[in-house]
Amino acid sequence: MEKLVLDHIAVLAASLAEATSHAERTLGQPLSPGGTHARFGTHNQLIALAPDLYLEAIAVDPSAPDPQDARWFGLDSFSGPARLDKWICRVADMDAALAVFPMAGRPVSLERGALRWRIAVPEDGALPFDGVFPALIQWQSPVPPGKALTASGLTLERLTVTHPEIEALEALLAPHLDAPLVRFASGARAALAAQVKRPDGIVTLT
């Protein structure tokens, strides 16, 4: 049975500066330069989160040409303030995972520097359950970012996924989810909240 393992979380915004600032204000640590994703016309910055996880701030790259297809993470239709908006789960076999979760999208092969990966992206870029269905990623690099980034002193304690139809989402994912830090909660709207332990206490990133 294909397992989904929490890989990283993502803060989205109208600009990378906004996404980065939003994360840094809560985490109290600077993010590091990531890079660009020519395939989707985006760019990002990163920070490590124990245990072997990370956070990325990601936004449309205004200097990049428009991609041929819809941008990943629903960035073409993103609006409002910067926020924690996506969670990404690692799978060992993307084709097997998509046989179970065809709604996750189609596999796209990407690379940036020494990193190689496949990620599932829906045709319109929008993930199911109003965007809180996890994006699926299969790393093809021997050392993914979660293990390669310099330790930040930050630890992800819990990720809460909220949705009006949370029972349906949990029932869909639970048999395959190997992510003890993830909790599901019913709420009026789709949302994510990450409890992060800093050296001076626990903060909540939304």
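I call a residue buried when its relative accessible area is under 20%, exposed when over 50%, and partly exposed in between, with a 1.4 Å probe and protein chains only. By that rule, 52% of the 206 residues of the protein are buried.

**Entry 1. What I am working with**

I note that this is a predicted model, in which local features need pLDDT of at least 70 and side-chain atom pairs count only at pLDDT 80 or more, while totals for chains, interfaces and linings use all residues. Residues are numbered from 1 along each chain as its sequence is written, and side-chain values use heavy atoms, with hydrogens and water left out.

**Entry 2. Overall build**

I looked up the helices and strands, which are DSSP runs numbered from the N terminus (helices are H or I with at least four residues, strands are E with at least two). The protein has four helices and twelve strands.

I then looked up the radius of gyration, which is taken over C-alpha atoms; the globule rule is 2.2 Å times the number of residues to the power 0.38. For 206 residues a compact globule would come near 17 Å, and the protein has 16 Å, which agrees. Along the principal axes, the C-alpha atoms fill a box of roughly 40 × 40 × 35 Å.

The accessible surface comes to about 9,200 Å², and 51% of it belongs to carbon and sulfur atoms. Such areas come from the Shrake-Rupley method with a 1.4 Å probe, and for residues only the protein chains shown count as cover.

Contact means heavy atoms within 4.5 Å. Among contacts between residues at least 6 apart in sequence, I find that 68% join residues at least 24 apart.

**Entry 3. Nonpolar cores**

A nonpolar core is a set of buried Ala, Val, Leu, Ile, Met, Phe, Trp, Tyr and Cys residues joined through side-chain atoms within 4.5 Å. Which members of the largest core touch the most other members? They are Leu-55, Trp-87 and Leu-136, in a core of 47 residues.

I followed Leu-55. Leaving out residues up to four places away in sequence, Leu-55 touches Ile-9, Val-11, Ala-23, Leu-27, Leu-31, Gln-45, Leu-46, Ile-47, Leu-49 and Leu-205. Another core lies apart from the largest one; it has 21 residues, among them Tyr-54, Val-108, Leu-110 and Trp-117.

**Entry 4. Helix H1**

I checked the length of H1 (residues 16–27). The expected span of a helix is 1.5 Å times one less than its number of residues. For the twelve residues of H1 that gives 16 Å, and the end C-alpha atoms are 16 Å apart, which agrees.

The buried residues of H1 are Leu-16, Ala-19, Thr-20, His-22, Ala-23, Thr-26 and Leu-27. Seen down the axis, these buried residues fall within an arc of 160°, so they line one face of H1. The arc is that of the directions from the helix axis to the C-beta atoms. The face turned away from the buried side carries the exposed residues Ala-17 and Arg-25.

What covers the buried residues of H1? The cover includes strands E1 (5–12), E3 (42–49), E4 (53–60), E5 (83–90), E11 (191–198) and E12 (201–205). Just after H1, Gly-28 takes a positive phi of about 70°.

**Entry 5. Helix H4**

In H4 (residues 166–173), I find Ile-166, Leu-169 and Leu-173 buried. They cover an arc of only 65° around the axis, which puts them on the same side of H4. On the other side of H4, Glu-167 and Ala-171 are exposed. The buried residues of H4 pack against E5, E9 (155–163) and E10 (182–186).

**Entry 6. Loops**

The loop between E3 and E4 holds Pro-51. A cis peptide bond joins Ala-50 and Pro-51, with omega about 0°. Asp-52 is in the loop between E3 and E4, and has a positive phi of about 60° although it is not a glycine. Asp-52 is partly exposed, at 44% relative accessible area.

Phe-129 sits in the loop between E7 (115–121) and E8 (135–139). Its phi is near 55°, a positive value in a residue other than glycine.

Not counting residues up to four places away in sequence, Gly-74 touches Gly-125 and Ala-126.

Pro-81 lies in the loop between E4 and E5, and is exposed, with a relative accessible area of 61%.
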